[in-house]
Amino acid sequence: MPVFYKFKQNKEKVLKIIIVGAGKVGSTLAGKLTDEGCDVTVVDRNREVVDKLADMYDIMGVVGSGSSYGVLIEAGVETADLIIAVTDSDELNLLCCTLAKKVGDCASVARVRSPEYSDELGYLCNKLGISIIINPELEAAMEITRILRFPSAISVNPFAKGRAELIRFKIPEGSVLDGMRLSHFQKMPGFNVLVCIVERKDVLTIPNGSFRLSAGDIISFIATHKDAPEFFKKINLDTHKVDSVMMIGGGKTSFYLARRLSQEGIAVKIIEKSTGRCEELSSLLPKNVVIVNGDGTDESLLTQERPDPSGAFVPLTGMDEENVVLSLYAMKAAPGIKVITKINHTSFSSVINELELGSVVYPRQMTAETIIKYVRAKKQTLGSNIETLYRLSEDRVEAIEFNVHSETEHINIPLKDLKLKNNLLVACIYRNGKAFIPGGNDVFLDGDAVTVVTTHKGLSSIEGIFD
């Protein structure tokens, strides 16, 4: 029999969400969705885990299988707004969402990670009535691919259907940007970008024109797909896409990444210690992908395989500690190499950032961002008002892309005449297939997608940007 725990609930009208699976992703979602003001119930077979999450976040919990009709009824599926299935089994996640749709007609999100389903996600959504299917490993591979386009970047987040990007990088010593005021920056030829965020040690700023940049600052700027490479050239930073990538570990992320990179003509080498997995990868991946059977944490093997200083090194083992050590080794053994480190745990992100591991990818955080975007959209009567959402700089700032409707407030009014919240920047407008950085005379029009960067948390509609 399932055991039901009931705890204090918020009296405010909020979305009721059921999370099936209280593993690493489920636990992260429980915390983040509670912060979003949702009424969360967690379902898992492990009584100890459910009890711990219930105490930690003051939420409800049910001990049992999410594929059980009785358990879902106990969890409140008949009145739930959303069910999120993130167990370790793809099939169980799909079954949970399908059953919930039949019983409660609620929206559903399923985590599906197997490569066998990766080309069928749209079909599964359509036929099973699932709102979103998330594949964290595939998303991580796509983010790594974007970063490899700009070796000097720490992260690259797409907006405006890929026509604009928010790019984060560190200003090196001796850079032309060192000491430059943003008012002068904006007048420089080829600087068709907008600086949205500056991180200086522990201080985060959404800057104005009087702000002076300094070497060591980590800045995030938004630019079109065309203008970003031009900007990097103007400040003499590397803009050449890497031509070789070495990966450690042959898991799902490595498979997805190798498949994408090989299609772009990039030489790929995967070091994997399981003989069986090496054989499997050899049969699944193109013949030009080199598979090495060996322990990627063995220094003598890495010395023999020789990471290319002009290429990239991507440790993708299942252990964060191994990935960190391997990244530090690669930067020492091959100075100048582009390193991208996959980290699953997000609780020590501040410590990780101090290690300067190059680019760091957090698959669990990407999953949470996708779900939070959907949750905020469901709060809006106008439908899916949020197009894209990223939480940046240790969750201290959000970059959100909102859809503009004819009912949107302050439409057709110049930006210079609008009163916006402080610490908020309108960074980009996407209109009729083109992205541009707006000026004071630009307006919001019906059908636009507007990107804002802000330290305000929880904005769920574009109306929330106005003061």
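**Report on a predicted protein structure**

R200 is partly exposed, with 35% relative accessible area. In this report, a residue is buried under 20% relative accessible area, exposed over 50% and partly exposed in between, as computed with a 1.4 Å probe on protein chains only. The model is predicted: local features need pLDDT of at least 70 and side-chain atom pairs count only at pLDDT 80 or more, while totals for chains, interfaces and linings use all residues. Residues are numbered from 1 along each chain as its sequence is written, and side-chain values use heavy atoms, with hydrogens and water left out.

**Salt bridges**

The structure contains 17 salt bridges. The term denotes a side-chain nitrogen of Lys or Arg within 4 Å of a carboxyl oxygen of Asp or Glu. Helices (H or I, at least four residues) and strands (E, at least two) are DSSP runs, numbered from the N terminus.

R200 takes part in a salt bridge with D217, in which the closest N and O atoms are 2.7 Å apart. This pair links distant parts of the chain, 17 residues apart: R200 belongs to strand 10 (residues 194–200), and D217 to the loop between strand 11 (203–205) and strand 12 (218–224).

In the salt bridge of R113 with E137, the closest N and O atoms are 2.7 Å apart. R113 lies in the loop between strand 6 (107–111) and helix 5 (121–128), and E137 in helix 6 (residues 136–149), so the pair ties together parts that are 24 residues apart in sequence.

A further salt bridge joins R376 to E398, with 2.9 Å between the closest N and O atoms. Here too the pair links distant parts of the chain, since R376 is in helix 14 (residues 363–378) and E398 is in strand 20 (residues 397–403), 22 residues apart. Salt bridges with shared partners connect E36, R376, R391 and E398 in one network.

The table gives the accessibility of partners in these pairs.

| Residue | Relative accessible area | Class |
|---|---|---|
| R113 | 21% | partly exposed |
| E137 | 11% | buried |
| D217 | 2% | buried |
| R376 | 0% | buried |
| E398 | 0% | buried |

Six strands make up an open sheet with parallel pairing, in the order 15-14-13-16-17-18. Its edge strands, strand 15 (290–293) and strand 18 (359–361), each pair on one side only. On average, neighbouring strands of this sheet are turned by 20° against each other, direction ignored. Two strands pair if DSSP finds at least two bridges between them. Strand 17 (residues 338–342) and strand 18 are joined by three bridges in the parallel sense; in strand 18, S359 is the bridge partner of I340. Helix 10 (residues 275–284) packs on the sheet and touches strand 14 (267–272) and strand 15, and its direction makes about 170° with that of strand 15. Contact means heavy atoms within 4.5 Å. Axes are lines fitted to C-alpha atoms, for helices over the stretch in contact, and angles run from 0 to 180 degrees between N-to-C directions.

**Strand 23**

All six residues of strand 23 (residues 449–454) are buried. The cover extends to both faces, with A449, T451 and V453 on one side and V450, V452 and T454 on the other. Strand 23 pairs with strand 20 in the antiparallel sense over six bridges, and V450 is the bridge partner of F402. With strand 21 (residues 424–431), strand 23 also pairs in the antiparallel sense over six bridges, and V426 stands opposite V452.

**Residues with positive phi**

Most residues other than glycine have a negative phi. K201, however, has a positive phi near 55°. K201 is located in the loop between strand 10 and strand 11, and it is exposed at 83% relative accessible area. E394 likewise has a positive phi, of about 60°, and is not a glycine. E394 is placed in the loop between strand 19 (386–392) and strand 20, and it is partly exposed at 40%.

**The second largest pocket**

The second largest pocket has a volume of about 820 Å³. It has 43 lining residues, of which K24, R113, E137, G318 and N344 are the closest to its centre. Helix 1 gives the most to this lining, namely three residues. On a 1 Å grid over the protein atoms alone, a pocket is an open set of points where a 1.4 Å probe fits, with protein on both sides within 12 Å along at least five of seven lines, and lining residues have an atom within 4 Å of a point. Grid points are joined across faces, edges and corners, and the volume is the space filled by probe spheres set on the points.
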